[in-house]
Amino acid sequence: MLISRIATNNFNSSHQLPKKDMKKTVFKGASSVSLPQKGSKIFKPLKDRYDTFTHYIAIVLGKMIDNKFAVNALKKLGEIKEGNLLAHLIVLGSTILSGFYIKKTLENKDLDAKRRKTLAINQAAVWALSTVSAYTIDGLIKKKFSTFVDKFMAANSHFNNDVIEIERYKKGLSQARTAIVMGFVYRFLAPVVVTPIANAIGNKVNEKHSAHK
Amino acid sequence: MINSLFKDSHITRKSRFSKSHLLQSGAPLNNYKSAATDRTMNSSDIIVKKPAEISFSGLSCANKLDKLCTNKWFKNMLIEANENPVLFGAGVALVLTCVFRPLSIILFPGSNKNSDDKKYAAAHSIASGVIGFGLAFVLVAPINAAIDKIKNKTSDYIKKNTDLFLKDKKKLLNTSETCLKQIPDIVFAPPKAILTIAILAPILKNVFGLTKKKKANSESAIPNYSMLNFKSTSLPQRNSMQSFMGGAR
């Protein structure tokens, strides 16, 4: 802070500095310190590359849905309820995976033909029973779950006027219910309960087939 | 509520109400009907109501349910289920494969497998759950970021049918978001399975110290040297030595 003369704490006008001599005080403290930028500088190149990578993925996804066929398919899928749509997509994923496993089993040259056929039938039976169980349990839980949704909305009445928040939590509840039911059936019920049943069915089918021969 | 505290308050007489009777019973006066208006009623019309049931909501499970509904972690979980359904599903699978399935394998009494096989199956379940969650995490993040870019700047990525996707409160865009977010589960399921099988064996060996024992073949490659044990006094071996006619002919 540069001042030509020290200004005294004196109300006598003769002792006060003339205005021309009083230099404007300049505070240089802030300019010498650079304000911290948002985000780390170290990870900025990585973040930029990630942004570019996701930009190209977005272009590809945009082209996938920006055509006549996709728009018509999405219009038809949009008529399905949100919770049911997610359930159908999860079942589709598990169908593709089971089909992949069955194909690999049938192409496995380490096993003899009869063993391959038995395993393939077992895997198909597990898929069928799991899918039926998943839809059945989901359907049974839906009615009771709607009462839980009402209780949740009543307990969180503070955002009753916020439509976006309500939709967000309702969709979250529906998707959580579907994911938990499907995960429980495919990851726990299928290996523990359904597989022995499917094995028994597969063995009976094999026995009948060999008896006929 | 006040009525229920009075004696005989569960018994209501429809007719012949007088104002003084109402005042004595503590009933609200706006329920008063004069006998002139209710001449068709008989004195035998007595309505017996059940006494009010007292309920302590503090001790019932309704309070616990309210606590769950207002819990911060539960709400965050619902937001995660809405925004990342694949990752949420992988998290549910992780809990099931790492906790419940190994417990059921080890504790299930009906299984004929020995303890080593049970350990192997439990470790297999844990490893597949961890690998599945890890792969989902790696695949989901860039796809979700790309979908967010499409949602924020739709016109940059959807050029032909922008109006269709943006109308009706972005219904078509929301449906496409639900479908596109399932791509890691649908499209990448077979490669994920191949990768899981490939990585599983080294993980089980190096992390859990478990290797699948190979079943012994009926035709073993190890030769049986018992017939060369000259000190044995058991008859079959002596007989085999006695019948040994020499090597090459």
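Read along its sequence, chain A follows the pattern α-α-α-α-α-α, which comes to six helices and zero strands. The model is a predicted one, in which local features need pLDDT of at least 70, side-chain atom pairs count only at pLDDT 80 or more, and totals for chains, interfaces and linings use all residues. Residues are numbered from 1 along each chain as its sequence is written, chains are lettered from A in the order in which they are written, and side-chain values use heavy atoms, with hydrogens and water left out.

Of the 213 residues in chain A, 31% are buried (under 20% relative accessible area, with a 1.4 Å probe and protein chains only). Among contacts (heavy atoms within 4.5 Å) in chain A between residues at least 6 apart in sequence, 62% join residues at least 24 apart.

Between the chains, helix α2 (residues 44–65) of chain A packs against helix α5 (residues 115–152) of chain B at an angle of about 70°, with their axes 8 Å apart. That angle makes α2(A) roughly perpendicular to α5(B), a term that covers 65 to 115 degrees. The residues of α2(A) that take part include Y50(A), F53(A), I57(A) and L61(A), while those of α5(B) include P142(B), I143(B), I147(B) and I150(B). By class, this contact of α2(A) with α5(B) has twelve nonpolar, three polar and two charged residues.

Within chain B, N84(B) lies in the loop between α3 (72–83) and α4 (85–107). N84(B) is buried, with a relative accessible area of 15%, and, not counting residues up to four places away in sequence, N84(B) touches V140(B) and N144(B).

How values were computed
Axes fitted to C-alpha atoms, helices over the stretch in contact; angles between N-to-C directions. Helix = DSSP H or I, 4+ residues; strand = E, 2+ residues; numbered from the N terminus. Parallel < 35°, antiparallel > 145°, perpendicular 65-115°, else oblique. Nonpolar A, V, L, I, M, F, W, Y, C, P; charged D, E, K, R; others polar. Buried < 20%, exposed > 50% of the residue type's maximum accessible area, 1.4 Å probe, protein only.
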